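I set out to record what I looked up in this structure, entry by entry.

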Amino acid sequence: MTGAHMNRWTRRSFLGALGAGALLSGAPMVARGAAKGRVVIVGGGFGGAIAARYVGMADPAIEVTIIERSPQYFTCPFSNKVVAGIMELDALRYDLKAHAARGVRVAYDDVVAIDPAKRSVATAGGKQFAYDRLILAPGVELDYAAVEGATAGVETVMPHAWKAGEQTLLLRKQIEAMKDGGVFIITVPRRPYRCPPGPYERAALAAHYFKRHKPKSKVIILDDDNTMPKQSLFLESWNKLYPGMIDWVTGNNGGKMERVDIKRRMVITTDADFPADVISFVPPQKAGAIAQKTGLTDVSGWCPVDPVTLESTRHKNIHIVGDAAFTDGVPKSAHIAGAMGRTAARAVVALLQGKTPPSPQYVNTCYTLAAPDYGFSIAGIYEPKGGVIAMVPNSVTVSPTGAPEYMRRTEAEFAYGWLRNIAAEAFL
Ligand SMILES: Cc1cc2nc3c(=O)[nH]c(=O)nc-3n(C[C@H](O)[C@H](O)[C@H](O)COP(=O)(O)OP(=O)(O)OC[C@H]3O[C@@H](n4cnc5c(N)ncnc54)[C@H](O)[C@@H]3O)c2cc1C
């Protein structure tokens, strides 16, 4: 069951899902109130908020606390539409009030230390939170240190807009102020990074804005890689909607970024200098800083996990959810963060009850808009196999190329529906 297909998140429907999984593993869930314990969740984005919903739903006797540094959350999904002036940022704003109303303890604070031995969390506000099980969902850290020239303040000149909010608005402002005939660059970092199709969607929606307001402008994608997700669909949409406007420079053709020059507003790649009027510099990424500080990451920069419970292989009793988890080929998406939130919730409740956690499936669905009324999608299923989370063979489905316009319009509507559903599951 995925957020997109679950219209009402009742305790009964979640327990139904638990029951189905539990039967597979021979470990049915225990009835209401049977377990007691403290679950602390760090990070109230898609992964953490969805985990909180289901721990509380599965067993109201468990005390659930979310610690989130920011009192308001802006979804990255659809933030490219804000950049392109198709949507307002306010439409993407959520908070944790509904969780508090359901009895979840919500603390707006910055977690500065986790002590896995003592099972406690310390915040910048001077509070300590003890836990039996911790769910850590801190999202990504932007790794500016990995790129030469990316000194402090680079994001004010070359906005990443890879965490939605002020950065999204800054990029939009720069694009709106750009002259007709100007050049907009977006950089694509080395994989894995949050939202693999995101940079290409940003390129398309920026082109949508330029086509209407500054038609002589150009969009250049400087890519670390040589392929992109949904490649034939992106190329088809660009040719159809924005002929000649978007240049995709692949890694082998000089797209690999080596350095940025803030003063000269320029990206320097292995082959050439790329000056631009506006640059969305998206740097390489790794797990959120608190995960690194706690020793939960490995050389990859991400947190290795058990594929069934999402428990860290580094520290016991800490489950990693969302973008921060190392999951090999599984895309870092809100949809997967939600699937992980549900998985961690099931695992934590089962473990607190002394049961065997059921084996999960992780479903991903990812919609892209190349224009407000032009959408396409990819979906895939992943499950534990050989100690990792592996794609289920033949499970990936992609929208067809050459589809009629009404199909693209319908998929664009599905995309809006997807966001409404997953945001409701996480925050309402
Ligand atoms: C442009 C763009 C478009 C996207 N579009 C899509 C899409 O269409 N579909 C899709 O599925 N995904 C999309 N994504 C990806 C999606 O946004 C992420 O995969 C998702 O947000 C991951 O959820 P998360 O819970 O792991 O992290 P986040 O959503 O980043 O949440 C992490 C939370 O933890 C908090 N936090 C971090 N550290 C601490 C700390 N020390 N103390 C307290 N709080 C802390 C942060 O404030 C944050 O609220 C997109 C991403 C981008 C950038």
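I took contact to mean heavy atoms within 4.5 Å. Helices (H or I, at least four residues) and strands (E, at least two) are DSSP runs, numbered from the N terminus. I worked on a predicted model, in which local features need pLDDT of at least 70, side-chain atom pairs count only at pLDDT 80 or more, and totals for chains, interfaces and linings use all residues. Residues are numbered from 1 along each chain as its sequence is written, and side-chain values use heavy atoms, with hydrogens and water left out.

Entry 1, helix packing. I looked up which residues of α2 meet α11. On the α2 side I noted F46, A49, I50, R53 and Y54, and on the α11 side I422, A423, A424, E425, A426 and F427. By class, this contact of α2 with α11 has nine nonpolar, no polar and two charged residues. Here Ala, Val, Leu, Ile, Met, Phe, Trp, Tyr, Cys and Pro count as nonpolar, Asp, Glu, Lys and Arg as charged, and the others, Gly among them, as polar. I then turned to the axes, which are lines fitted to C-alpha atoms, for helices over the stretch in contact, with angles running from 0 to 180 degrees between N-to-C directions. The axes of α2 (residues 46-58) and α11 (residues 405-427) come within 7 Å and cross at roughly 60 degrees. That makes α2 oblique to α11, since angles under 35 degrees count as roughly parallel, over 145 as roughly antiparallel, 65 to 115 as roughly perpendicular and the rest as oblique.

Entry 2, a sheet. I counted two strands as paired if DSSP finds at least two bridges between them. I found an open sheet of three strands, ordered β6-β7-β8, with antiparallel pairing. Its edge strands, β6 (111-115) and β8 (128-130), each pair on one side only. Neighbouring strands of this sheet are turned by 20 degrees against each other on average, direction ignored. β7 (residues 120-123) pairs with β8 over three bridges, and A122 has Q128 of β8 as its bridge partner.

I traced nine bridges between β22 (residues 362-371) and β23 (residues 374-385), which run antiparallel. A hairpin of two residues joins β22 to β23, and L369 is bridged to G375. β23 also pairs antiparallel with β24 (residues 388-391) over four bridges, with K385 partnered by V388. In that hairpin, two residues lie between the strands and G386 takes a positive phi near 60 degrees. Two bridges join β23 to β25 (residues 397-398), again antiparallel, and A379 stands opposite T397.

Which of the 32 residues around the ligand come nearest? I listed E68, Y73, R194, D323 and A334; a residue is near if one of its heavy atoms lies within 4 Å. I noted that a side-chain N or O atom of R194 is 2.6 Å from a ligand oxygen atom. A backbone N or O atom of A137 lies 3.4 Å from an oxygen atom of the ligand, and a polar backbone atom of S333 is 3.4 Å from a ligand oxygen atom.

Most residues other than glycine have a negative phi, and most peptide bonds are trans. I recorded a cis peptide bond from R191 to P192, with omega near -5 degrees. P192 lies in the loop between β11 (183-188) and α7 (198-213). N317, not a glycine, has a positive phi of about 70 degrees, and I located N317 in the loop between β19 (303-304) and β20 (318-320).

Methods:
Polar contact = N/O pair within 3.5 Å; in protein donor to acceptor, adjacent residues only side chain to side chain.
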